[in-house]
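Reader: I want to learn how to read cavities and helix packing. Where do we start?

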Amino acid sequence: MTKPPTSKPLLQDADRPVRSRRRKPRNPAQPNLPLDPMPDRIEPCLALLKLKPPKGLQWIFEVKWDGYRLAVHIEPKGVRILTRGDHDWTDRFPLIEAAARALPVTTAILDGEAVVLDEHGRSDFGMLQQSLGGRGGRKRSSAAVFMAFDLLYFDGHDLTRSELGVRRHLLEGLVPAGGQDDIRLSEEVEADGAALLRIACEHGLEGIIAKDRNSAYRSGRLGDWQKIKCSQSDSFFIVGYEISMVARGHIGALLLAARKGSDLVYVGSVGTGFKESAAWKLRGMMDRIKRKTPAAPYAGRRKDVVWLQPTLIAEIEYRTWTDDHKLRHASFKGLREVQDNAAVYEVE
């Protein structure tokens, strides 16, 4: 029988281990590995609204957070926190800024949502607004945390062309799951989409997000990401209000409008969801933008209506639409910030 060849020992001498050759000094003329320039801003990927969760192995799911979409830019010169409308809100989220500085990375762009969580761990849009001083306020939030759900740039490399599975793998190494810091991971949930949506609704969450794990990061609302809500929630222009001396802020109801091409169309009113202090602040803002005629055609019979310039955008939660295209069971959630660049609902 042939004997196996004798292997050479790894140590040439018991006291002297083998070492690699001495490294030569780097030639300054030799180029470095190419790095991608860090972009000043990346237009966000937006979720397309769907009635039911998609099916297929390529889809992953996350909880839908109800807050402000932000991009956290970590650069050698510091941290920038940008809104969806490209406004710098770094000074408004000091705890998120400090947490970003502490991450073990030199350059990065994190995509995510600033939220305030209630005692049950659910995001509350109204609490987030209060922590910032309301619409137009300049308070620095000490309650908001950043739920990171994507990584677009990492240590000199543009990841937007990489598939979501790769981006999530790197993000989870940077922001570990289960953390309780001011930057947290929006965790991927392994479940059937329909079952997850049912559970989310039972726990009072806003809904779920479905993402194609094989997709690159594409700006705009192209369907790679989909949102499925437990109840409808959209943004509408406030085009007027009905005066009521017995209501909070003397606001009996807000009159709402949506876009229809280049025009506005009246879509109904909302008379619930107002808190005392917020109602009076809203009333003061509305009284500064009065106009004589409605900005959207109105055929209703409400009395004591004050018409407004269509500049204030309200976030409205509602159950469904009526047959005559009006909101049904609507509730006021708060005003959207101009810097948030909220998309006003568009009637097809």
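Author: With the term strand: strands (E, at least two residues) and helices (H or I, at least four) are DSSP runs, numbered from the N terminus. This is a predicted model: local features need pLDDT of at least 70, side-chain atom pairs count only at pLDDT 80 or more, and totals for chains, interfaces and linings use all residues. Residues are numbered from 1 along each chain as its sequence is written, and side-chain values use heavy atoms, leaving out hydrogens and water.

Reader: Which strands each supply at least two residues of the lining of the largest cavity?

Author: β3 (68–75), β4 (78–83) and β5 (108–115) do. β3 gives the largest share, three residues. Lining residues have an atom within 4 Å of a cavity point; on a 1 Å grid over the protein atoms alone, a cavity is a set of points where a 1.4 Å probe fits but cannot get out.

Reader: What is the volume of the largest cavity?

Author: About 120 Å³. Of its 13 lining residues, Ile42, Pro44, Leu70, Ala71 and Thr83 are the closest to its centre.

Reader: Now helix α4. Which of its residues are buried?

Author: Buried means under 20% relative accessible area (1.4 Å probe, protein chains only). In α4 (residues 193–202), Gly193, Leu196, Leu197 and Ala200 are buried. They sit on the same side of α4, because their arc around the axis is only 100 degrees. The arc is taken from the directions from the helix axis to the C-beta atoms.

Reader: What caps the N-terminal end of α4?

Author: Asp192, with a side-chain oxygen 3.2 Å from the backbone nitrogen of Ala194. Just after α4, Gly204 has a positive phi of about 75 degrees.

Methods: Buried < 20%, exposed > 50% of the residue type's maximum accessible area, 1.4 Å probe, protein only. Polar contact = N/O pair within 3.5 Å; in protein donor to acceptor, adjacent residues only side chain to side chain. 1 Å grid on protein atoms, 1.4 Å probe; cavity = no way out; pocket = protein on both sides within 12 Å on 5 of 7 lines; lining within 4 Å. Points joined across faces, edges and corners; volume = space filled by probe spheres on them.
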